[in-house]
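Thanks, everyone, for making time. I'd like to walk you through one model this morning, so let me put it up on the screen.

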Amino acid sequence: MNRERTGSQGPLRTGRRTSGHGRTGEAPELPLGQLLDGIAGQYGPRFLHSDPIVFARRYDSPADREAAALIAALFAYGNVKAMGAFLKVLLGELGPEPAARLAEGIPRGFTAPAYRFQTAADVRRFLEAAGVVLRRFGSLEKAFSAAPGSPWDRIEALAAMLQAEAAPLSRGLRQLLPLPSGGSACKRWWMFLRWVVRPDDGVDLGLWHCLSPSDLLIPIDTHLARIAFALGLTRRRTPDRRFAEEVTASLARFCPEDPTRYDFGLARLGILGACPRRQVEELCRACSLRPHCRLGRGTE
Ligand code: SF4
């Protein structure tokens, strides 16, 4: 239940104060939960093109979507255009059934492209490791579920398994397959989990049933970290594991059963330039979140 949702979820409006700034007669300020619902509603499947999940959605079968989602999520860093070009080539090389291709084993003549920190050899070793896991467990969900403990523990186990199969580990493979025990917020792992666990809403895939959406943590990237801090969803400045946990807890006040439902929309604000890294006064003035934003309020 959304304790802060009130009224309809109509189109976004700029929230205004009715007192304190002499603006009597203007529309009342909306609660943050309702504004976040509006953002989540505004940024739906129409905006898939701006997110690497679009690569998983190109496949029909759940197995292929799962395999493509793992690949797209783990390589989702760096320049968006370069990442998209890399994923297009890599998934093109894997053919129309990437899950089967991985499970069968990567053939000798397979040409793996390189990407930023990962050499072609790193990419190939990662694909071979994913193939071993698929052969051993039948699916990534089964591999993830085989480990006991919390979702963090299971991420650790899956990442460690992939690392072990991809060994010897290079710098690129360590960067590609981070372990939660290293202290990072593991944005790409949590993004993968959001994709496969949240129900199919035209963006997320709804493939896994071993976790509930309420188990998910918000994937923290630079956009999310900046906006979450500006909205007071955390007081922390370092986007680490505790940062992700605090932001998720704040979002759970609005939707405890599915706190990461806000992730795609909030991330679009940064990715599509509605809330750019360098603050733009005009954009803040037009932003529905301004009454709740410690950066935007400075533009009043
Ligand atoms: S008010 Fe400005 S800084 Fe705050 S979320 Fe909106 S665009 Fe971003």
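Let's start with the pockets. The helix that gives the largest share of the lining of the largest pocket is α13, with 5 residues. Keep in mind throughout that this is a predicted model.

How much space lies in that largest pocket? About 490 Å³. There are 25 residues lining the largest pocket, and the closest to its centre are Ala76, Tyr77, Lys187, Met191 and Asp221. As for the elements, those giving two or more residues to this lining are α4 (80-94), α10 (187-197), α11 (222-230) and α13. By class, the lining of the largest pocket divides into 12 nonpolar, 6 polar and 7 charged residues.

Okay, on to the second largest pocket. Its volume is about 230 Å³. Here we have 19 lining residues, with Arg226, Cys275, Gln279, Cys284 and Cys293 the closest to the centre. Both α11 and α14 (281-286) supply at least two residues of this lining, and the largest share, 3 residues, is from α11. The classes in the lining of the second largest pocket come out as 14 nonpolar, 2 polar and 3 charged.

So where is the ligand? The space it takes is the second largest pocket. Around the ligand you'll find Ala274, Cys275, Cys284, Cys287, Arg290, Cys293, Leu295 and Gly296. Sorted by class, that shell has 6 nonpolar residues, 1 polar and 1 charged.

Now let's turn to a helix, α1, residues 32-42. Is α1 largely enclosed or largely open? Well, 9 of its 11 residues are buried, so α1 is largely enclosed by the rest of the structure. The buried ones are Leu32, Gly33, Gln34, Leu35, Leu36, Asp37, Gly38, Ile39 and Ala40. And what covers them? That cover includes α12 (241-252) and α13 (263-271). You'll remember α13 from the lining of the largest pocket, where it gives 5 residues.

Leucine 289 is in the segment after α14. Is leucine 289 buried or exposed? Its relative accessible area is 3%, and anything under 20% is called buried, so leucine 289 is buried. Setting aside residues up to four places away in sequence, leucine 289 touches Leu32, Leu35, Leu36, Ile39, Leu231, Leu266 and Leu269. Among these, Leu32, Leu35, Leu36 and Ile39 are on the list of buried residues in α1. In sequence, leucine 289 and glycine 33 are 256 residues apart, yet their C-alpha atoms are 10 Å apart in space.

Next, a few spots in the backbone. As background, most residues other than glycine have a negative phi, and most peptide bonds are trans.

Arginine 116 is one to look at here: not a glycine, but with a positive phi of about 40°. You'll find arginine 116 in the loop between α5 (98-104) and α6 (120-137). Arginine 116 has a relative accessible area of 55%, and exposed means over 50%, so arginine 116 counts as exposed.

What does glycine 78 touch? Not counting residues up to four places away in sequence, glycine 78 touches Tyr115 and Arg116. Glycine 78 is itself in a loop, the one between α3 (62-74) and α4, and is partly exposed, at 40% relative accessible area.

Cysteine 186 is another non-glycine residue with a positive phi, about 50°. Cysteine 186 is in the loop between α9 and α10. With a relative accessibility of 2%, cysteine 186 counts as buried.

Then there's the peptide bond. Which form does the bond from alanine 167 to proline 168 take, cis or trans? The bond is cis, with omega near 5°. Proline 168 is in the loop between α8 and α9 (171-176).

Last stop, on α8 itself. Glutamine 163 is part of this helix, residues 151-166, and counts as buried at 13% relative accessibility. Apart from neighbours within four places in sequence, glutamine 163 is in contact with Leu169, Leu177 and Leu179.

That's my tour. Happy to go back to any of these spots.

How values were computed:
Residues are numbered from 1 along each chain as its sequence is written. This is a predicted model: local features need pLDDT of at least 70, side-chain atom pairs count only at pLDDT 80 or more; totals for chains, interfaces and linings use all residues. Side-chain values use heavy atoms; hydrogens and water are left out. A residue is near a molecule or strand if one of its heavy atoms lies within 4 Å of it. On a 1 Å grid over the protein atoms alone, a cavity is a set of points where a 1.4 Å probe fits but cannot get out, and a pocket is an open set with protein on both sides within 12 Å along at least five of seven lines; lining residues have an atom within 4 Å of a point. A molecule sits in a cavity or pocket if more than half of its atoms lie within 2 Å of its grid points. Ala, Val, Leu, Ile, Met, Phe, Trp, Tyr, Cys and Pro count as nonpolar, Asp, Glu, Lys and Arg as charged, and the others, Gly among them, as polar. Buried means under 20% relative accessible area, exposed over 50%, partly exposed in between (1.4 Å probe, protein chains only). Helices (H or I, at least four residues) and strands (E, at least two) are DSSP runs, numbered from the N terminus. Contact means heavy atoms within 4.5 Å. Grid points are joined across faces, edges and corners, and a volume is the space filled by probe spheres set on the points.
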